[in-house]
Amino acid sequence: MVPDEEASASLRQALERARAPDGSVANVMRVHSLRPHTMDGHVALYESVLHHPGNSLPGWFLETVGAYVSSLNRCAYSFTNHWANAAHLIDDEARAAEVHDALVADRLESAFDGKQLALLRYVRKLTLAPGKMTEADLDEARSTGATDGEILEVNQVAAYFAYANRLLNGLGVTLEGDVIGYYGTGRQSSSP
């Protein structure tokens, strides 16, 4: 990962587009340093999937989906960051603890029901057995009131995290030096 002071002109531009609200560039973006064009694509995908005002599902739930996919994929980097985001947005310590425990134990029904539970079950199967997805998986989510747009939103979050988790795990990216979470809830000084 190329530090700012050693960045080429094209990398400096990509780094500027990748900066979080606190001015930092997360390792998940900086790992693209040798191919700045992929950093640009990653930033665009991340922002459209998780932070676009056109999404209808609440931000805490989309972040929870990302944390859940990352837990299933055993990606500590993404789980740590996106769970911090979800907990921040849930803004209720007891509820956040309940959701966290359900995700980590993979016992979704202990913290979710109805549409949210159905969407998370859809995400679980899509993450662990994408080749086995059928129309029945969509129908189950629809039967609980999920719209096709909401199903698309969780599908896109799950697909994004499949990409990000493999990028991070495959290149050995750690949390060292990162600000944890989009909202900058803390700085990590060493790898987990």
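Is Arg-74 buried or exposed? Arg-74 is exposed, with a relative accessible area of 72% (buried means under 20%, exposed over 50%, partly exposed in between, with a 1.4 Å probe and protein chains only). The model is predicted, so local features need pLDDT of at least 70 and side-chain atom pairs count only at pLDDT 80 or more, while totals for chains, interfaces and linings use all residues. Residues are numbered from 1 along each chain as its sequence is written, and side-chain values use heavy atoms, without hydrogens and water.

Arg-74 sits in the loop between helix H4 (59-72) and helix H5 (76-90). Helices are DSSP runs of H or I with at least four residues, numbered from the N terminus. The phi of Arg-74 is near 55°, a positive value in a residue other than glycine. Most residues other than glycine have a negative phi. Asp-91 also has a positive phi, of about 55°, and is not a glycine. Asp-91 is located in the loop between H5 and helix H6 (93-105). Asp-91 is exposed, at a relative accessible area of 67%.

Helix H7 (residues 114-128) packs with helix H8 (residues 135-143): their axes come within 8 Å and cross at roughly 160°. Axes are lines fitted to C-alpha atoms over the stretch in contact, and angles run from 0 to 180 degrees between N-to-C directions. H7 is therefore roughly antiparallel to H8 (under 35 degrees is roughly parallel, over 145 roughly antiparallel, 65 to 115 roughly perpendicular, the rest oblique). On the H7 side, Ala-118, Leu-119, Arg-121, Tyr-122 and Lys-125 meet Asp-137, Leu-138, Glu-140 and Ala-141 of H8 (contact means heavy atoms within 4.5 Å).

Conventions. Helix = DSSP H or I, 4+ residues; strand = E, 2+ residues; numbered from the N terminus.
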